[in-house]
Every structure is written in structure tokens, then in C-alpha cells.
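Subject: Structure handover

Hello,

Here is the structure to look through. Please open it first and then read the notes below it.

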Amino acid sequence: GHLPTWLHGILLRNGPGMHTIGDSKYNHWFDGLALLHSFTFKNGEVYYRSKYLRSDTYNCNIEANRIVVSEFGTMAYPDPCKNIFAKAFSYLSHTIPEFTDNCLINIMKAGDDFYATGETNFIRKINPQTLETLEKVDYNKYVAVNVATSHPHYDSAGNVLNMGTSIVDKGKTKYLLFKIPSSVPEQEKKKSCFKHLEVVCSIPSRSLLHPSYYHSFGITENYIIFIEQPFRLDIVKMATAYIRGVSWASCLAFSKDDKTWFHFIDRKTKKEVSTKFYTDALVFFHHINAYEEDGHIIFDIIAYTDNSLYDMFYLKNLSKEFAENAKLTSIPTCKRFVVPLQYDKDAVVDSNLVKLPSTATAVKEKDGNIYCQPEILCEGIELPRINYDYNGKKYNYVFATEVQWSPVPTKIAKFNIQTKEMLHWGQDDCWPSEPVFVPRPDAKEEDDGVVLTCVVKTDPKDPPFLLVLDAKTFTELGRATVNVEMHMDLHGMFIPQHDMKTETE
């Protein structure tokens with residue numbers, strides 16, 4: 001087919017690519033060594049390249065020819081030949097471990113630079129053109145976080161907003177929202193933007209030793225949305241995991257009878273809204289979008305009723321028959337919550353405070369808390385993306401992978417939130433990746449542009465390809481076949497040509 005002539009730039013993607021090192025194997029798919037790959041669009045042609053992230057973790061493992069650095073689902077142990085003193089010492093030093101810098105989840109832009117990101121305190125700068133691995137950045141040098149998300153937000157000025165958890169720091173566990181400026185003062189050109197990182201706000205964890213796990217957060221024009229779900233890390237168990245011979249993943253637990261609490265932070269005052277809003281227990285990874293309307297905050301997430309999703313991806317479960325046999329016990333559900341921030345304080349107990357046309361409710365309880373229940377928009381989609389120009393604003397379209405009861409996507413979809421219409425693209429034996437929307441320059445409509453997805457074939461003999469769809473009609477414009485083995489990845493971004501520093505700079 002033909003690619004649009006305006007499509008210039010790089011689709012840069014990240015995900016786990018190597019799961020066996022020497023005779024050792026990772027336990028979990030999300031533990032694999034990061035493999036970056038990119039599609040460069042130039043004058044109607046597409047160039048492919050891929051390269052392992054040369055993290056310290058990668059280098060140590062490859063040098064030892066076995067897994068020596070622990071990942072979330074795989075605990076690594078030092079060489080058994082070391083003497084007993086060295087062993088005892090290494091047990092002590094693993095209580096608060098040096099986390100991995102195997103940044104395998106996403107790509108982040110900060111200032112003019114690009115970083116591979118995971119969920120620890122480390123990120124790795126990379127060159128988006130050559131995929132070369134550059135310096136390692138430790139968030140902890142600039143802000144007291146032990147873990148951070150791989151789904152930051154970008155404001156209109158290009159500043160990065162992200163969240164991380166500060167675990168038992170000075171006797172407190174809290175969730176920190178921080179900002180990385182997009183540029184540094186002229187006279188400090190050599191300094192990194194991380195030196196100017198500022199904490200916008202902190203939210204105390206409801207429990208000192210059981211902070212919530214979270215993979216993303218939401219943003220509107222005036223508020224940050226943080227969901228404290230009853231899917232929690234047990235810090236005491238994590239501290240003893242190494243000695244007990246178990247992975248950190250085994251220290252994550254879902255409490256199905258607990259509440260899920262919503263926190264709203266005012267971006268101007270940097271204070272949390274004092275009313276307590278909550279919903280039933282849920283597990284979620286991805287926010288889709290959020291916006292404000294007539295005194296309400298509306299936010300859309302993809303939620304589950306349990307944490308079976310993570311367990312599906314243990315490599316022992318990922319056999320040849322996986323796609324057919326693996327069954328999620330909870331289907332991903334796209335839920336819309338409508339939260340009345342400005343409600344009538346004299347409203348009667350048990351009355352629904354939502355004043356917008358939606359089946360979502362927010363009921364005032366006698367203790368003053370507000371119990372929210374969602375409107376179900378659709379089911380069976382994951383890895384959602386939007387036209388990011390509409391981030392934090394009222395919007396119509398979600399682009400996502402389609403997953404029914406199996407966690408492996410077989411199609412991609414475009415969902416219209418207003419009309420509930422869904423368009424699909426799928427072909428036999430194809431596993432598409434997270435779809436990335438790229439707007440046409442000077443586009444006036446939300447879906448004017450293309451959708452890019454990498455497609456892996458179930459038969460290793462069939463070559464993978466990059467698919468380009470017209471975002472409006474969801475019909476194929478063209479595909480670029482790649483004659484190499486391509487891995488299934490997680491997340492990534494499209495970098496327009498004009499956002500790239502030239503090599504000489």
C-alpha cells in the first residue's frame with residue numbers, strides 16, 4: 001500500500017525480549033531483558049532496527065551467562081560457590097535491594113531526551129535514532145521514590161508529570177506526584193532537567209507497610225487523579241523475599257473486600273480535595289483519559305475484578321497452547337466514573353449526586369463519604385491509547401487491543417465512547433501490539449490521522465509487519481513486512497521528525 005507522505009518520524013517501542021540467559025530462565029514474561037525496536041518513516045519508506053537495552057542488568061547477566069539481577073517475578077541469587085560470610089552479607093544487603101535498571105515497559109520524553117522506563121527508580125537515556133543505551137538516571141537522587149510509573153503525563157509546556165511511591169521514608173509511606181521541567185535555565189545548559197525536578201504534592205498511603213500498586217494515573221485541566229486500589233505490596237514480605245527464596249511478585253496481594261479510594265489533587269493549589277470518594281475493590285493498570293464537565297470529573301479506566309492478568313504471564317503458563325487455553329478469570333472492562341466535585345452539601349443521604357447524563361452514580365453516605373459506581377462503556381479492550389492532543393479534555397475515541405478471555409490480543413479496535421460503535425482490524429494468526437495514533441499535521445478532527453501497530457504472526461515462519469491504518473475508517477493504508485524475528489512488546493511512542501535532535505547537536 002501507500003504510506004501518507006506526511007508521516008515522518010520514528011515509532012519507538014519497548015518490551016521484554018530475552019527470557020533465557022545461559023541455563024537460567026526468568027519466571028515471568030514481564031521480567032525479560034528490554035528489547036527496543038523502531039520503525040523510521042522517511043519519504044514513504046520504512047526502516048526497522050532493534051537493539052537490546054544495554055542496562056547494567058543486561059551487562060551483568062550476559063557477563064555471568066546467567067540471571068544475577070532480580071526482576072519483579074524472578075529472584076536471582078549470587079554464585080553458590082562464594083563462602084558463607086559473603087553469603088550472609090549478601091542476604092543483609094538484599095533487604096532493601098538495589099533494583100534493576102532493566103527498563104522494559106515504555107519510552108518517556110524529558111526535555112529533548114528520550115528514556116527507556118520501567119517501574120523501579122531507574123530509567124535509561126537512549127538515542128531514539130540508533131537505539132544506543134546512554135546514561136542511567138536514578139530518580140532517587142532527585143526525589144525520595146523507590147518505584148515510579150512508566151506512564152507519565154506531559155503538560156502543554158512539555159513538562160513531565162509522574163508519580164512514584166516513597167516507602168517508609170522517615171517513618172512514612174506516601175505517593176508523590178512530581179514534575180520534571182522540559183527545559184533548564186539558559187545559564188545551566190549542561191545541567192539535566194532532573195536537577196530541577198519538583199515534588200508537586202504528596203498523598204499519604206492508607207497503610208505504612210502496604211502501599212497500593214499503580215501503573216498509571218489520570219489528569220484533567222485542573223486535577224490529577226490517583227486511584228489507591230486494594231492491590232498492594234507487602235513491604236515486610238518484600239524485605240524477607242530474598243531469604244525466603246520467593247519473588248517480589250509474591251508480595252503483591254489483592255483484597256477483594258476492601259474499598260478503592262479516589263484522590264483528586266488540585267493542580268493549582270497542590271492540595272487534595274477533602275471529600276472522600278470511593279468505589280468497590282478493583283484491579284486496574286491503565287487510565288484511558290479524564291476531563292471535567294459542569295463541576296464533575298469524568299475518568300475512564302480499564303479495570304478487572306481480580307489480579308489474574310499478572311499470573312497469566314508466568315512463563316510456565318505461556319506454552320504453545322497459551323492463546324487457546326489461557327483464560328482470564330476477569331475480563332477487562334472499560335469503566336467510566338463520574339465524580340461530582342461541586343455537589344450540593346445539603347444533599348440528602350443516599351441521593352445520587354451525579355447531574356450529568358450517565359448511568360454512573362455517586363451516592364452520599366451518612367459519614368460524608370461518597371460511594372461511586374461506574375457506567376460500563378465496553379468490555380474486552382486493553383492497552384488503550386488516545387489522540388494525546390485530547391488528553392485531559394472531552395474526547396470520543398479510544399484505540400486499543402482487543403482481548404476477550406485470553407490475554408493475547410488478536411485484534412485492534414477503535415471505540416467511539418459517545419455512540420459505543422466499535423471498528424476492528426484483525427486477521428488470522430495475527431497478534432497486534434498497542435495501537436499508536438499519529439495525528440495528521442493541521443488535523444481539525446480527533447481521529448484525523450493514522451494508527452500504527454506492530455503485528456507478530458503466530459507461525460514463526462510468517463514474517464511480522466508494521467500495519468498502518470486510516471484512523472477514521474480503520475482500513476489498511478499499507479504494511480511494511482520485516483524479515484526478522486520480532487517480539488511482542490508493551491508500550492511506546494511516535495516521535496515526529498521535528499522533535500528529534502539532529503545528530504550534530
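Lys420 is partly exposed, because its relative accessibility is 37%; partly exposed means between the cut-offs for buried (under 20% relative accessible area) and exposed (over 50%), with a 1.4 Å probe and protein chains only. The model is predicted: local features need pLDDT of at least 70 and side-chain atom pairs count only at pLDDT 80 or more, while totals for chains, interfaces and linings use all residues. Residues are numbered from 1 along each chain as its sequence is written, and side-chain values use heavy atoms, with hydrogens and water left out.

Lys420 forms a salt bridge with Glu375, with 3.7 Å between the closest N and O atoms. A salt bridge here is a side-chain nitrogen of Lys or Arg within 4 Å of a carboxyl oxygen of Asp or Glu. Lys420 sits in the loop between strand 29 (411–416) and strand 30 (422–425) and Glu375 in strand 26, so the pair ties together parts that are 45 residues apart in sequence. Helices (H or I, at least four residues) and strands (E, at least two) are DSSP runs, numbered from the N terminus. Glu375 has a relative accessible area of 12% and is therefore buried.

The structure holds 20 salt bridges. In one of them, the side chains of Asp101 and Arg124 meet at 2.8 Å, N to O. Asp101 belongs to the loop between helix 2 (84–93) and strand 6 (106–110), and Arg124 to strand 8, so this pair ties together parts 23 residues apart in sequence. Asp101 is buried at 1% relative accessibility, and Arg124 is buried at 8%.

Glu445 and Lys472 form another salt bridge, with the closest N and O atoms 3.1 Å apart. Glu445 is partly exposed at 46%, and Lys472 is partly exposed at 33%. There is also a network of salt bridges that links Arg13, Arg385, Glu434 and Asp489.

Next, the nonpolar cores. A nonpolar core is a set of buried Ala, Val, Leu, Ile, Met, Phe, Trp, Tyr and Cys residues joined through side-chain atoms within 4.5 Å. The largest has 41 residues, of which Phe262, Phe264, Phe277 and Phe299 touch the most other members. Strand 22 gives the most to this core, with six residues. A second, separate core has 40 residues, among them Leu104, Phe231, Phe254 and Met312.

Which residues carry the UniProt feature "binding site"? The unreviewed entry places it at His151, His215, His286 and His491. These residues are spread over 341 residues of sequence but cluster in space, with a largest C-alpha distance of 12.3 Å. UniProt positions are given in the numbering used here, feature names are shortened, and annotations may be inferred rather than shown by experiment. His215 lies in the loop between strand 14 and strand 15 and counts as buried at 8% relative accessibility. Leaving aside neighbours within four places in sequence, the contacts (heavy atoms within 4.5 Å) of His215 include His151, His286 and His491.

Last, Pro128 is in the loop between strand 8 (122–126) and strand 9 (133–138). Pro128 is buried, with 9% relative accessibility. Pro128 and Ile10 are 118 residues apart in sequence, and their C-alpha atoms are 7.7 Å apart in space.

Regards
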